[in-house]
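Student: Could you walk me through this structure? I'd like to begin with the ligand and then move on to the helices.

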Amino acid sequence: MTLRFQSRTALVTGGASGIGAATARLLAGEGARVTIVDLESSSGAEVAAGIGGHFHAADLSDMAAAEAMVHDLLAREGRLDILVNNAGIGSLGEVPDLDPAQWRKVMAVDLDAVYHACRVAVPAMRAAFRAEGRGGVIVNTASLSGLAADYGFAVYNVAKAAVINLSRVLAIDHGKDGIRVNALCPGLIDTPLAAPLAAIPGLMEKWTRAIPLGRAGRAEEMAEVIAFLASDAASYITGSVIVADGGAGAHTGQPN
Ligand code: NAD
């Protein structure tokens, strides 16, 4: 049986936890040589060891560190086929509550990091396409919160909306270079990122009631969508925004 990602090289940011870890495991299980990049060294190294992959520690909000991540992978593997820009942080607060440092930090991690990685990954994928006819695939983890707005999550919503249009921009500019780029918009997913929401009285109950499937999603369910987008089965899908939210975004928000 041919594995979907046999002889492909993948880089998964935020791969130490949640959606990124599940994606790294799924891609590796289907034949990819996976590099995990994360701030969290011990859990990142553990996930990488579990899948026979490589771990690279980096703070991707730092442009030089993000560029080094891609250069390091290219030096080691010689190619980059799949880039999953998934690292991210959450942030609570309405605009007047946000100090400039918090605003900048969330924009730097949730948005700038995608730009940083693509600055180096796109030219490498383009060069591979010109030389050998094989381009690359980029999947950016945005959010349902980038398509509409949540009460009280101002900067996170703004950053994720920008990730969606950054994905479209990359897709239209680099289709000619054999590079497909799509954005995944998860709804509420049960990962450490969402855990602090449980401390806000009544919030999880209210949000879960608004999900037609009646539950938060699992990281593994997001990994399946990312793997599909990264696979040849999605060969004609680029510039798309794929929502995986248990139906939460399908209604007007009026209480049921
Ligand atoms: P998570 O907290 O389990 O994983 C995020 C990972 O990103 C962590 O391992 C963290 O260490 C890493 N990270 C954070 N800042 C970093 C930095 N500066 N450099 C490198 N790595 C960094 O959360 P998750 O839910 O798996 O989140 C993955 C992505 O999914 C994020 O982009 C998040 O915004 C998005 N998302 C999550 C949800 C949800 O409900 N969990 C919903 C929509 C979108």
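Tutor: Before we sort residues, a word on classes: Ala, Val, Leu, Ile, Met, Phe, Trp, Tyr, Cys and Pro count as nonpolar, Asp, Glu, Lys and Arg as charged, and the others, Gly among them, as polar. This is a predicted model, in which local features need pLDDT of at least 70 and side-chain atom pairs count only at pLDDT 80 or more, while totals for chains, interfaces and linings use all residues. Residues are numbered from 1 along each chain as its sequence is written.

Student: OK, how many residues surround the ligand, and which are the closest?

Tutor: There are 28 residues around the ligand, the closest being G14, G18, G88, T191 and L193; a residue is near a molecule if its C-beta atom, placed from the backbone, lies within 6 Å of it. By class, the shell divides into 15 nonpolar, ten polar and three charged residues.

Student: Which helix gives the most to that shell?

Tutor: Helix α1 (residues 18–29) does, with three residues, where helices (H or I, at least four residues) and strands (E, at least two) are DSSP runs, numbered from the N terminus.

Student: Switching to α3 and α4, at what angle do they pack?

Tutor: Helix α3 (residues 63–77) and α4 pack at about 35°, with their axes 8 Å apart; axes are lines fitted to C-alpha atoms, for helices over the stretch in contact, and angles run from 0 to 180 degrees between N-to-C directions. The contact, which requires C-beta atoms, placed from the backbone, within 7 Å, includes M63, A66 and V70 of α3 and A113, A117 and V120 of α4. The residues of this contact divide into ten nonpolar, two polar and two charged.

Student: And α5, what does its buried side pack against?

Tutor: The buried residues of α5 pack against α4 (100–132), β5 (136–141) and β6 (179–186), and among them are Y156, K160, V163 and L170. A residue is buried if 20 or more other C-beta atoms lie within 10 Å of its own, exposed if 12 or fewer, and partly exposed in between, with C-beta atoms placed from the backbone.

Student: Last one, is S7 buried or exposed?

Tutor: S7 counts as exposed, because it has 10 C-beta neighbours inside 10 Å. S7 lies in the segment before β1 (9–13), and has a positive phi of about 60° although it is not a glycine.

Methods. Two residues are in contact if their C-beta atoms, placed from the backbone, lie within 7 Å.
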